[in-house]
Structure formats: structure tokens, C-alpha cells
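Subject: Handing over a structure

Dear colleague,

I am passing this structure on to you, and I would be grateful if you could look it over before reading the notes below it.

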Amino acid sequence: MPDTAVIAIVAAVIVLFSLLLVFLSRYKKCPSDKIMVIYGKVGSNKDGTARSAKCIHGGASFIMPVVQASEFLDLTPMSINVDLRNALSHQNIRVDVPSRFTVGISTESGVMQNAAERLLGQSMPAIQELAKDIIFGQLRLVIATMDIEEINTDRDKFLEAVSYNVETELKKIGLRLINVNVTDITDESGYIEALGKEAAAKAINDAKKTVAEKNRDGSIGEANAMQDQRVQVSTANASAVSGENEAKAAIAQSDATRREREAEALRRATVAEKIAAAKALEEAYAAEQEAENARAARDAATQQADIIVKTKIQKEQLELQAEADAEQKRRRARGEADAIYATMEAQARGMQEILARQAAGFTKIVESAGGDANAAVQLMLVDKIENLIKIQVEAIKNVQFDKITVWDSMGGDGNSPTTANFLSGLLKSVPPLADTFKMAGMQIPAFLGKDIEEKTDARIADSADKEGAVNISGKNVK
């Protein structure tokens, strides 16, 4: 029994020790230069949605087996060399901005969560390339909103704008901007270099002006001191005995010589100052002229770019208008063609309907004639004979003659005068009905009689008498 109790106690100790080892192995500590990201089942947000990860900076946490795992994000700063070239400024001048950015993973709570979601498992070179792309875009955006003078002279404003834009975008992927260092800014047109030359010339001219003013002040002080000396010497010589007159004369001669030399020295100093001032003005004017030339070239390039852009826009507008006009003409032509097609189709359907009705009527006529087509034709001719004769009469109705001269001996054939014979012959010139049928490729029906031609001529003559006959020279001849 005691042995069993000992075994149970040893087993319990072993189990407890094993559990302690498991607990210790799953209890992870986070170094100060890293962020520990715990992922898996890590709880939910305030709005009830599941959290993607839990970030810990400093301290430690127990990693639950099976349902949780952990990885580390390195907080070591990354130095990114951004050699931006041909960036377009607000004045449409392309500049080169070589710079170096120092970035790192942020330890801010919200930004740290973004890093866990977007950078976990990424290598340092991959993170650097991602940050470099963001920096390039934001740096170009800032340069596009600023003038060359602002970028070159107000460097604090430029760096502040770059820092704000870049850090705002880097926070979206969990990074923060640590430092920005812009080395030197140049442009392809030489405008920045011209501004530097202008500032240097101005500084040199100011220095030369200061030196000349100091020299002038020294000369004035020296002249004042000499004046005091001469007054004192003259006073001492005046109080001396007459025996010292020769010494005074010598002193006066010496003073005159000295004054001449001093005046010559002052003249040379004045000339040197004027020459120096003139050279300074000449250099300043030359620098100003070079700066004006650069500014004129910049303005010309700007105007040329504006003209080219406007011309391209006008060209595209004309092309779009021409395409629209062509499309409108094509649609109008298709509409007109469809209308013509519909009209012709309607006419064809109408003609088809007319012919169908005529065929149906002719079929009924043939049926009425007992199925004999010739009899049917005879029925139709009987119905149309009066119209046929009227058409023949119309051939000579209202014939206009400019002038007809008739010598009538009234002999004729003993029954009628020659004029009557002329009119009778004119009426006979109309083709007989039988000949009209022959010209149409038909034969006059036999039921009309053998003397149909004489009967027709008689009916034509009677019709002509009724209609007023022929008009000769504006008068009716009967």
C-alpha cells in the first residue's frame, strides 16, 4: 500500500511538471525591438466582428495550443534611397530630388494592427520596395503642388509637406516615417543654378559694399586725426620764439608735402573704391541678366506646352466631331435606305395585289364564258370597243396647222369638193382597228364582221364630225 501511494505521488508530480513545461513553452515574451503578432482565435472587436490578430509590443502572453500561433515583426529602421528624377513641378519644370527616407514598423495601436495584417511574413527587402513605391508617388505629388522657389528656399515647408503625405500613406500598411533627408535639388533647365548664382552675386556685392564703407570711414578718421594734429602744431609754433620761424617754414613745407601725399593716397583709394563698386554692379547686372534669360526660357517653355496641349485638345475635338458627323450621316443614309425599301416594298405589294385582283377577275370572266378563253377575250373587247375607237379619234383631235393653202376647183369627184376629200383622207390616215390589233400581235375577232374596217372608219368620221374636226390656222375646218 505505501508503494502504491508513492507511485501515485510520483505520477502526479510528473504530470504537473509536464504541464508546467508545456505552459512555459507556450508563454512567449516579446523583445523591445519586435512586435509579437498572435493570430488564430484571438477574440472579437467591439462591433462583434472577429479580430484578425493581436499585437503586443513589450511584455509577454500565453499562446494557447492548437487555436493560436505567433510571429514577430522586426522594428529595425529601414533606410530607403529614393533617387527621384524628372519630377514635374507646379511650374512644369522637371527637377531631380535625390533623398533618403528612414522608415520602420509603427508601434501605434491602430497602425500596428495594419502592419500585422499587411506585412506579417514579408521579408525586409519586400517591405522596403513597397514603402519605396509609396514614397515615390507621394514625393512626386508634393513636388507637383510647389514652385521651384518654394522647394529650393523654403526647405522646411517642403520637408513638412513630404513628411505629412508620405507618413499618411505609410500608416495604411503599418509603417511610420522616422526621418527625411533631401541632399540636393537640381533641374534640367538650370533654373535653380541660376537662382544660386544670383544669390551669390548679391552676397559678394554686399560684402564689397561693406568693405568700401569701412575703408571710407577709416580714411575720414585718419583725416580728422591729422587735422587735430595740424591745429595743435600750429598753436605750438605760434607761441614759439621768432627764432623758430625757419623751423616753422620747414615744418610747413613738410606738412604741405605730407598733405599732397595724403591727398594722392586718398585719390587712389577713392578711385579703387569706385572701380570695385563698378565691377560689383557689372557682375550683379550679369547675374540678373542670366536669371532673366533663364526665366524667359522657362516662360517660353510654359507657353509652348500650353499651346501644344490646347492644339491637341482642339484636334481631338475636331476628330470626335468628324466621327459624330460621319456616324450621323451613316444613320441618316440607313434611315433613308430603309424608307425607300419600305416604299418600294409597299408599291410592290400594291402592284401584286392589283395583278392578283385582275387575275381573279379574269378567272371569273373565263368561268362566265364557260371556260373558253377566246370568248372571255371577246367579252372584254366588247366592253372596251368604244374606248378603243375614242383613242383612235383622239389621235387627230385638235391637230394644229400653221397654214394650209387649198386650191379648190369644186370639181372633186362630182359629188364633193376637194376640201372635203382632203379632210376625209386625213381621217383615213388613222390606222384601222384591224391594223391596230395586228401591230399588238393580235387578230380582231371574227364576230365583229368582215367589214369592220369600213364600219370603224365610218364611226371615226362620225366622231370627228361631232368633236369639231381639225383646227387649221386657229380655225375649225368641218
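The notes below take up a helix pair and then a pocket.

This is a predicted model, in which local features need pLDDT of at least 70 and side-chain atom pairs count only at pLDDT 80 or more, while totals for chains, interfaces and linings use all residues. Residues are numbered from 1 along each chain as its sequence is written, and side-chain values use heavy atoms, with hydrogens and water left out.

Helix α3 (residues 124–144) packs against helix α5 (residues 155–170) at an angle of about 140 degrees, their axes being 9 Å apart; helices here are DSSP runs (H or I, at least four residues), numbered from the N terminus, and axes are lines fitted to C-alpha atoms over the stretch in contact, with angles running from 0 to 180 degrees between N-to-C directions.

The largest pocket is lined by 15 residues, with S219, E222, A223, E262 and L266 lying nearest its centre. A pocket is an open set of points on a 1 Å grid over the protein atoms alone, where a 1.4 Å probe fits, with protein on both sides within 12 Å along at least five of seven lines, and lining residues have an atom within 4 Å of a point. Helix α7 gives the most to this lining, with eight residues, and by class the lining has seven nonpolar, two polar and six charged residues.

With best wishes

Notes
Helix = DSSP H or I, 4+ residues; strand = E, 2+ residues; numbered from the N terminus. Nonpolar A, V, L, I, M, F, W, Y, C, P; charged D, E, K, R; others polar.
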